[in-house]
Amino acid sequence: MNKDRGLFLLFWLSFFWFSQVSIAEPSRGLTLICDDWPPYQIVNDGKVGGFSVAVVDVVFKRMEVNVQGYRHYPWKRAITMLEKGMVDGLFSANKTPEREVFAYYPSEPLVDSPWVVWAKQEDELEYKRFDDLLGRQIGLVRGYSYTHDFWQFVEVNKLYMLTTSDEQNFKMLNAGRIDFTVAELGNALHVLKKNHIYNMHAFSNAPIKVDGLYVAFSKERVAKEMVERFSEELKKLKAEPLYQKLYEEFFSI
């Protein structure tokens with residue numbers, strides 16, 4: 001009887017161990033998804049590249065963890081797929097309490113993501129604080145969150161007009177139809193380069209907000225231990241010249 005119980009216990013311990021290994025580093029390879037948000041994720045002829053893809057790829061190769069590939073979806077659908085446990089990970093995602101219910105986040109972000117005020121260089125405007133926006137027209141994108149304090153300030157003072165995209169705002173700024181716009185630094189640099197606009201100034205020393213961009217991992221499919229390993233390898237990479245080289249490759253204007 002004792003022998004049978006010992007065998008039974010050994011069976012379950014073995015099953016538990018193998019299942020944890022399988023969850024931590026699936027032999028099938030990780031399924032990772034993202035949206036199209038240059039230069040972090042760039043979709044070209046159906047293929048996904050960009051800064052975040054390059055960084056994630058280096059980290060997993062160093063971990064010797066196989067990735068099936070990188071697929072792209074509209075952001076809202078991608079979040080739903082992660083929440084339902086349909087994929088292993090999603091990037092480049094901000095960390096929120098709502099998402100932490102179903103996702104593990106590494107302690108290390110892929111990159112910091114500052115949202116900054118922009119103006120045309122020849123206008124010689126200054127921005128250090130909200131009051132510097134008074135009496136000016138600011139182009140903002142409908143549906144963007146920015147911050148509560150910023151929204152409250154521009155709404156109370158009636159300083160803004162809503163548009164459909166950062167690209168539209170920069171074109172209006174270049175044409176002198178608005179005085180300022182607010183945009184995420186990396187994505188804005190890509191938009192400006194794409195539209196051959198090179199006369200914009202970013203007030204990077206006074207960001208509206210700074211968010212980290214992360215890989216969010218499914219709690220249903222990936223073990224926390226692997227997420228911690230990912231964070232450790234990412235931190236090492238960020239201390240190397242290779243990381244800076246990748247950053248300059250995708251963020252130069």
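What is the volume of the largest pocket? The largest pocket has a volume of about 520 Å³. The model is predicted. The second largest pocket comes to about 220 Å³. The notes below take each pocket in turn.

**Largest pocket: residues**
- The lining of the largest pocket counts 18 residues.
- Closest to the centre of this pocket are Trp37, Trp75, Asn94, Trp115 and Ser145.
- By class, the lining of the largest pocket splits into six nonpolar, six polar and six charged residues.

**Largest pocket: elements**
- Two strands, S7 (111-120) and S12 (209-218), each supply at least two residues of the lining of the largest pocket.
- S12 gives the most to this lining, with three residues.

**Second largest pocket: residues**
- Among the residues that line the second largest pocket are Trp37, Pro38, Tyr144 and Ser165.
- Asp166 and Glu167 also line the second largest pocket.
- Further lining residues of the second largest pocket are Asn187, His190, Val191 and Lys194.
- This lining divides into four nonpolar, three polar and three charged residues.

**Second largest pocket: elements**
- Helix H6 (166-174) and helix H7 (185-194) are the elements that give two or more residues to the lining of the second largest pocket.
- H7 provides the largest share of that lining, four residues.

**Trp37 in both pockets**
- Trp37 is one of the residues closest to the centre of the largest pocket, and Trp37 also lines the second largest pocket.

Terms used. Residues numbered from 1 in each chain as written. Predicted model: local features only at pLDDT ≥ 70, side-chain atom pairs only at ≥ 80, totals over all residues. Heavy atoms only, no water. 1 Å grid on protein atoms, 1.4 Å probe; cavity = no way out; pocket = protein on both sides within 12 Å on 5 of 7 lines; lining within 4 Å. Points joined across faces, edges and corners; volume = space filled by probe spheres on them. Nonpolar A, V, L, I, M, F, W, Y, C, P; charged D, E, K, R; others polar.
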